[in-house]
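Hi everyone, thanks for coming.

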Amino acid sequence: MTRFAVLLLIALAATPVAAQDAEAAQTESEEEDSIIRDGTDATLDEFLWVARPVIVFADSPADPNFVQQMEELRARESALAERDVVVLTDTDPSADSELRRELRPRGFMLVVIGKDGTLIARKPLPWSEREISRAIDKEPLRQQEVRERGLAD
């Protein structure tokens with residue numbers, strides 16, 4: 001009976017660790033699946049012809065405009081993913097990222113870039129997913145993608 005009690009205690013002690021490991025793995029997997037990424041080390045060149053970067057700048061992650069924008073983007077990730085969007089965030093002006101050097105934000109700023117590297121929109125206030133999607137959908141490359149996907153269905 002004593003051996004059984006010891007084995008039971010060992011199993012019970014290991015269960016929270018296993019649960020934490022599983023939770024950490026799930027969170028890590030969700031982050032990999034997410035279109036939202038930290039943009040402090042990103043360059044626009046790495047997304048050329050691959051994705052449409054939507055860059056969200058702020059001087060702090062607590063900026064109300066940043067918080068509002070990120071809530072909107074997280075709530076509608078799937079609609080943006082359909083348009084090959086990758087969301088890059090940069091809330092650290094002192095990091096002097098390449099994105100900051102290239103786009104020169106002042107405070108909060110939303111930037112939408114096309115797959116071909118062209119500037120689609122630059123806004124000083126949050127934009128809804130619908131506004132972002134409409135701006136992207138007006139682009140000739142996106143219209144071509146829609147036509148090609150329509151023929152493939």
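The side chains of Arg 100 and Asp 90 meet in a salt bridge, with N and O 3.0 Å apart. By salt bridge I mean a side-chain nitrogen of Lys or Arg within 4 Å of a carboxyl oxygen of Asp or Glu. Side chains of opposite charge can pair when their charged atoms come close. Arg 100 sits in helix α4 and Asp 90 in strand β3, so this pair links distant parts of the chain, 10 residues apart. Helices (H or I, at least four residues) and strands (E, at least two) are DSSP runs, numbered from the N terminus.

Before we go on, this is a predicted model: local features need pLDDT of at least 70, side-chain atom pairs count only at pLDDT 80 or more, and totals for chains, interfaces and linings use all residues. Residues are numbered from 1 along each chain as its sequence is written, and side-chain values use heavy atoms, leaving out hydrogens and water.

Asp 90 has another partner. Its side chain makes a polar contact with the side chain of Ser 97, at 2.5 Å. A polar contact is a pair of N or O atoms within 3.5 Å; within protein, one must be able to donate a hydrogen and the other to accept it, and residues adjacent in sequence count only if both atoms are side-chain atoms. Ser 97 lies in the loop between β3 (85-90) and α4 (98-103), and it counts as buried because its relative accessibility is 2%.

Which residues does Ser 97 touch, leaving aside neighbours within four places in sequence? It is in contact (heavy atoms within 4.5 Å) with Gly 39, Thr 40 and Asp 90. Gly 39 is 58 residues away in sequence, yet the C-alpha atoms are 8.0 Å apart.

In one of them, Arg 52 pairs with Glu 145, the closest N and O atoms being 2.9 Å apart. Arg 52 is in strand β2 and Glu 145 in helix α6, 93 residues apart. Both are buried.

Lys 115 forms a salt bridge with Asp 84 at 2.7 Å between the closest N and O atoms. These four residues belong to a network of salt bridges, which also includes Arg 83, Asp 137, Arg 142 and Arg 149.

Notes
Buried < 20%, exposed > 50% of the residue type's maximum accessible area, 1.4 Å probe, protein only.
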